Amino acid sequence: MNFVADLENHLRSEFPSYPGVPTLNPEACPQGQSGDFTLNCFKIAKFCGNPMAAAKAAGDYLAGHADVEKVQVIKAFVNVTLKPAALYRDTIADEAALLERGKLPPEERKRILIEFSAPNTNKPQHLGHVRNNTLGMSLASLLKRVGHEVIEINLVNDRGIHICKSMLAYKLFGNGITPETAGKKGDHLVGDFYVKYNQALSEEIKALREAHPEYADRDNDDLFLETKIGREAQDMLRDWENGKEDVRELWNLMNSWVFEGFDQTYKRMGIDFDHTYLESQTYLLGKDIVKDGLEKGVFSKRDDGAIICDLGKMGSKVLLRKDGTSVYITQDIGTTLLKYNDYQPDSMIWVVGDEQNLHFQMLFEIIKRLGYAWSEKLYHLSYGMVNLPSGRMKSREGTVVDADDLFDEMAKLASDACRERDAELSEEELAKRGELIGLGALKFMLLKFNAKTTITFDPAASLRFEGDTGPYIQYVAARINSILRKAAEKGICVSQNDTNWSLLSSEYEKSLAVKLFFYASILKSCAEKRDCSGLADYLLDLAKAFNRFYRECPVMTAETEELVKARLALASIVKNVIADGLGTMTIGVPEAM
């Protein structure tokens, strides 16, 4: 901004120690105080003697600046009101520059690898996965928006006892059914057999308890291998690990059904991974690394032969069992090194629920102890549980909310709302709008809270066109589209190049320009924090500011054509920033609602 640059040049002439690089940044003026921007002079106090001296020097200079209409010094803060022409020139008159300011300087851009989703191939993805996917894809999009190179990774758990449970249930109860003959997505079909397995297991455990009263104090997991169906699943896992042909064939077949179903879910959400790792290909990784760490004295061997790592307050972690088999963290060590060697990222992010906090603390400490310098650039984006008003979900009991079913419900609720607003819409247009608004509402509701927050998701509440929702913001963009279409129909051309910005002198117009100016800093701040919730808050505030402007400042019926064009230009920039912001959150904007 011109007035800030001029002020700093003046301060350099007054205070020899004042730095030669930009140091003062205009901030939003505190609520209840007058001014377009405020300058926090605590940031320059050490160069100017003290905060009050800095504020006085800044205030005295700006009082005579050509762009400044009013200056107010409050302790160490200088509130500045700009003349309209200067305000718009320095904020939104150059829309391309406004949007480009959201990018980091080239020297600050990094290569970042982000791993998210990580589903199991024994069931379809559910609401918990939807939160994971939404957090992962939106963070990847945000990091790309500010200029980073981002590699999106999926690590699918496609092996293990839980997979064998679905496979065994299919052998016992499937009768050769396929997704085609069942008329179901493959992941849903396989998930049905996972539920059937656990129902059969529960029945056997119940019979065991009735026959053996001494089992009363043993939990179900402890009784797993006491059941016939439990031993059969364990035998199947052993056969899989030994490469038994018929087991591997069934595993490949059922996994292919699930992967096809996953692809449809990802496509609907707008996810396109750069690479997918499979645990069936990585689960043996890490063993050699652990043995090498033992030789180097990083790890130690217990009396029973197990290799462990003493992690101090975090406790002792087994890395290889006494029989030489690996545990989950062992393969995570190996997979982490594999990803680093494959992509050489500057940092790595895992999007995983908060129940794994200790696991990642241990993993990062182990990587550090192994001597890898990049261990300081590993980050766990931990997130809380998402519940429905009806309560928590349970995969084993089949009470989860499948992602696809949730998407269908959201799209239907949204299309019904659109039908109520416009009964003339075609079914095709209703379906299109329903998908865009419904999934947008879902993503926005999951992103408007900090990831660590445990939330209750109410589908109907998230779709309200009023309040702190995604559809509220989408509706503002759609309303502006409608205004611009009406202007075009009347032959009014909106061009920022010949806009007389000085006509926009009301508090509502100026407030919009100031809010638009801060879009770039919001993007950078959210990217640095790895948190889209600040962007959601910003877009809500921007939408509300536009509605206040629209209510108080007539656009198409303004007093002069020149004022109509200026307000149209302002509205157009608001729409484009909303579209850019929602797009960064991977949410689309409908042309009409």
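This is a predicted model: local features need pLDDT of at least 70, side-chain atom pairs count only at pLDDT 80 or more; totals for chains, interfaces and linings use all residues.
**View 1. The largest nonpolar core.** This core holds 153 residues. Phe546 is among the six that touch the most other members, along with Phe3, Ile44, Ile92, Ile473 and Leu516. Helix 23 (residues 561-584) gives the most to this core, 12 residues.

**View 2. A second core.** A separate core has 30 residues. Its members include Leu155, Val352, Phe364 and Leu378.

**View 3. Helix 9 against helix 11.** The axes of helix 9 (residues 186-211) and helix 11 (residues 245-269) come within 6 Å. They cross at roughly 125°, so the two helices are oblique to each other. Helix 9 makes the contact with Gly186, Asp187, Leu189 and Val190. Helix 11 brings Met254, Trp257, Val258, Gly261, Phe262 and Thr265. By class, the contact has 6 nonpolar, 3 polar and 1 charged residues.

**View 4. Helix 21 against helix 22.** Helix 21 (residues 519-529) and helix 22 (residues 533-552) have axes that come within 8 Å. The crossing angle is roughly 160°. An angle over 145 degrees counts as roughly antiparallel, and helix 21 is therefore roughly antiparallel to helix 22. From helix 21, Tyr519, Ile522, Leu523 and Cys526 take part. They meet Gly534, Leu535 and Tyr538 of helix 22. This contact has 6 nonpolar residues, 1 polar and no charged.

Technical notes
Residues are numbered from 1 along each chain as its sequence is written. Side-chain values use heavy atoms; hydrogens and water are left out. A nonpolar core is a set of buried Ala, Val, Leu, Ile, Met, Phe, Trp, Tyr and Cys residues joined through side-chain atoms within 4.5 Å. Buried means under 20% relative accessible area, exposed over 50%, partly exposed in between (1.4 Å probe, protein chains only). Helices (H or I, at least four residues) and strands (E, at least two) are DSSP runs, numbered from the N terminus. Axes are lines fitted to C-alpha atoms, for helices over the stretch in contact, and angles run from 0 to 180 degrees between N-to-C directions. Angles under 35 degrees count as roughly parallel, over 145 as roughly antiparallel, 65 to 115 as roughly perpendicular and the rest as oblique. Contact means heavy atoms within 4.5 Å. Ala, Val, Leu, Ile, Met, Phe, Trp, Tyr, Cys and Pro count as nonpolar, Asp, Glu, Lys and Arg as charged, and the others, Gly among them, as polar.
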